[in-house]
Amino acid sequence: MKPFINPSKKPPIRPLVIAAGTLVLATAGTLLSSSAGAAPTQPDWDATAYRGAVEVVAPTGTNNQEQLNGVVFDDKNKNSRHDGNEPGLNGVSVSNGREIAKTDSNGRYELPAFDNMTVFVTQPRGYQVPVDKDNIAQFFYNHLPEGSPALKFGGIAPTGALPDAVNFPLSQSTLTQSPEQHCAIGADIQTYNQKEVEYARNGVFADLAAREDYAGCGALFIGDVVGDDLSVFTQTRELTSMLNGPARFLPGNHDLDFDALDGEHEFDSFRAQFGPEYYSYDSGKAHVVALSNIEYPTKVPAKKGDYTYGLGERQLEWLRADIAQVPRNKVIVLAGHSPLLEFYYSNSHTTKQLREIYEILEGREVVSLGGHTHMAENLRAGDLMAGWRDEVGEAGLPFTHLTVPAVSGHWYGGRVLDGGYPTSVQRDGTPPGVLTLDIKNTEVTERFTIRGGDGSEQMTIGLNTPSYRAWYAENITVPRGSAPELENPLAVSQTELADQAWLTTNFWMGSTGSAVEVEIDGGEPVVASRTQQLRGETPLVGAEYSDPVAIAEQFVHGGGLADRSMHLWRLALPTDLAVGEHTAEVTATDVHRRRMCHRFPVIDPVQGSRSARTKFSCVVSRR
């Protein structure tokens, strides 16, 4: 369906055509206010990207092996070498993963050196670090004189003696200087083989290749880059060559060297390919902190699942020092593979040192990001689940926690679509996709783009009827992907109306502060109820709290199990609806006051017609 462009309005309006039996949201354009819209088109990335590497000055045998020094400099000719006429940059942070040094007026720094350290620079606002041919940011140096112990996937090759200097080149950037930033966040690419690499290529990476709004802040992939087989790092890494901005990574529980059992080398193969386990960088008025919050092993002998969620004392020490140097007028984006806290596993998920992390960030403007669970969650300050009380008390969350939907969705499961990627509907009914943080000064607005979408699809609408719940009960124990299709999913009889039938709205990035209203047959809008209030309860699970649209796909074709959600709304259908076709118009308003609409027909299975088509234009605007 080609978009209809109305030059007099922004965003443009696309006519929505819904056939009975089809649930499609096709409102036009990005569903954003003017204060958080897409960035203006930037110069061609391939033609302008700053490509280079960290300058490592070979050891002469006379340098102090206990101290590392070097220069952070303005690489004016972009040759990655510190030439005599290139000034050093004052006040830039450089770290060995434990201590942090600030450069002096000549750009020089000095740090204690130790074996198995990764030294990195924190990119300052107004500058960009170089990227390699695959657009991966180059801001680090691994120091491991003897190399990794014998590991299946190689780890880090011997680096030899400490270099005479490690110099960090930077290039001036109007993109990272701008107070308006757009940061693409991808979770759980999690490719297990080449076939899944191609699914990722045809899906989210093709979507990012078509965008030009994240050249400053770049794309951050928050763990589970691959699925245990670290030989796939190379193929997955190459996908970032498609991007129009710098790429950065942090590790997850499937990126481990499982044969490293000493707690020192478990991410060596990751570090060899992508850089430090944890680090920070500035873009605009945002300070992004990428954490490594998977600890392995928890016991020896270890199994793949013997990991826990935590930072370790060295990283916690670094985090304290890093945040202490961040001015109070910046917003902190704190990213880790595993969420700090979450709704779905609220009774079992525990991040060690959580109280210490909250204390370090107390009084700061913060947005926390996590992946790992293959779903979307938008948890706001003050939200509370029963399982969090020991960590957060009755006051609830201190700041926004976002769980980022997976690039792989439900591990690339389900039907393969014409675009060359699977449906892979996740366990909360969310499709695969990528999250973007639109940041203006310190105001952060999140937006979700489903894989293969244009940013307009933000919800699915369905019917939870007695017939659906009976079908659910019959097939809940059947292997997913093998159930018979639910007949007439958009149909409800008058008898069923008396036995409780709901119109459901799965508003993927909905949260506390969001609202869903429904107009039936053009009547007055009625406010729908959110199934989870996040006021200290436990998750509500089962057919009555499930997403019928997702379950219909998952039971029949495979995927997750959308039997609970923190972003599901429902409205009881009137018991006096007449036999025939009825239309429900749904308007969802998010916490940022952005509105999005969807319309579809409710049809009686006996006397209603399934051939009617409805044309509807939805104008997206602030209320």
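# A chat about strands, helices and loops

Guide: Both faces of strand β7 are covered: M117, V119 and V121 on one side are buried, and so are T118 and F120 on the other. Keep in mind that this is a predicted model.

Visitor: How many of the residues of β7 are buried, then?

Guide: 5 of the 5, over residues 117-121, so the strand is largely enclosed by the rest of the structure.

Visitor: Which strand does β7 pair with over 4 bridges?

Guide: That is β9, residues 140-143, and the pairing is antiparallel. Within β9, N142 is the bridge partner of T118.

Visitor: And what about β4 and β7, parallel or antiparallel?

Guide: Antiparallel: 2 bridges join β4, residues 93-95, to β7. In that pairing V94 stands opposite V121.

Visitor: What holds paired strands together in general?

Guide: Strands of a sheet pair through backbone hydrogen bonds, in either a parallel or an antiparallel way.

Visitor: Let me step back. How many helices and strands does the protein chain have?

Guide: The protein chain has 11 helices and 32 strands. It has 623 residues, and 62% of them count as buried.

Visitor: What share of the contacts comes from residues 24 or more positions apart?

Guide: Such residues account for 74% of the contacts in the protein chain with a separation of 6 or more.

Visitor: Back to sheets. In what order do the strands of the open sheet with β22 come?

Guide: The order is β13-β12-β11-β22-β23, which makes 5 strands, and the pairing is mixed. The edge strands are β13 (247-250) and β23 (443-450), each pairing on one side only. On average, neighbouring strands of this sheet are turned by 25° against each other, direction ignored.

Visitor: How many bridges join β22 to β23?

Guide: There are 8, and the two strands run antiparallel, with β22 covering residues 433-440. As an example, D438 stands opposite T445 in β23.

Visitor: Which helix packs on that sheet?

Guide: Helix α3, residues 194-209, packs on the sheet and touches β11 (180-186), β12 (219-222), β22 and β23. The direction of α3 makes about 30° with that of β22.

Visitor: New topic: how far does helix α6 reach?

Guide: Helix α6, residues 313-324, has 12 residues and reaches 17 Å from its first C-alpha to its last. That is close to the 16 Å expected at 1.5 Å a residue.

Visitor: Which of the residues in α6 are buried?

Guide: Q315, L316, W318, L319, D322 and I323 are buried in α6. Seen down the helix axis, the buried residues fall within an arc of 160°, so they line one face of α6.

Visitor: Why would residues three or four places apart point the same way?

Guide: An α-helix has 3.6 residues a turn, so residues with that spacing point the same way.

Visitor: And what is on the other side of α6?

Guide: E313 and A324 are there, and both are exposed.

Visitor: At what angle do α9 and α11 pack?

Guide: Helix α9 (residues 466-475) and helix α11 (residues 548-557) pack at about 35°, and their axes are 12 Å apart. The crossing of α9 and α11 is left-handed.

Visitor: Which residues meet there?

Guide: From α9 there are Y468, W471, Y472 and N475; they meet P548, I551, A552, F555 and V556 in α11.

Visitor: Where is P297?

Guide: P297 is in the loop between β16 (294-295) and β17 (308-309). P301 also lies in the loop between β16 and β17.

Visitor: Which phi value does D228 have?

Guide: D228 has a positive phi of about 80° although it is not a glycine. D228 is found in the loop between β12 and α4 (233-238).

Visitor: Is D228 buried or exposed?

Guide: Buried: its relative accessible area is 16%, and the cut-off for buried is under 20%.

Visitor: And what about R593?

Guide: R593 has a positive phi of about 70°, and it is not a glycine. R593 lies in the loop between β30 (581-589) and β31 (595-603). With a relative accessible area of 34%, R593 is partly exposed.

Methods. Residues numbered from 1 in each chain as written. Predicted model: local features only at pLDDT ≥ 70, side-chain atom pairs only at ≥ 80, totals over all residues. Heavy atoms only, no water. Pairing = 2+ DSSP bridges. Axes fitted to C-alpha atoms, helices over the stretch in contact; angles between N-to-C directions. Contact = heavy atoms within 4.5 Å. Expected span 1.5 Å × (residues − 1). Buried < 20%, exposed > 50% of the residue type's maximum accessible area, 1.4 Å probe, protein only. Arc of directions from axis to C-beta. Left-handed = near helix turned anticlockwise from the far one by under 90°.
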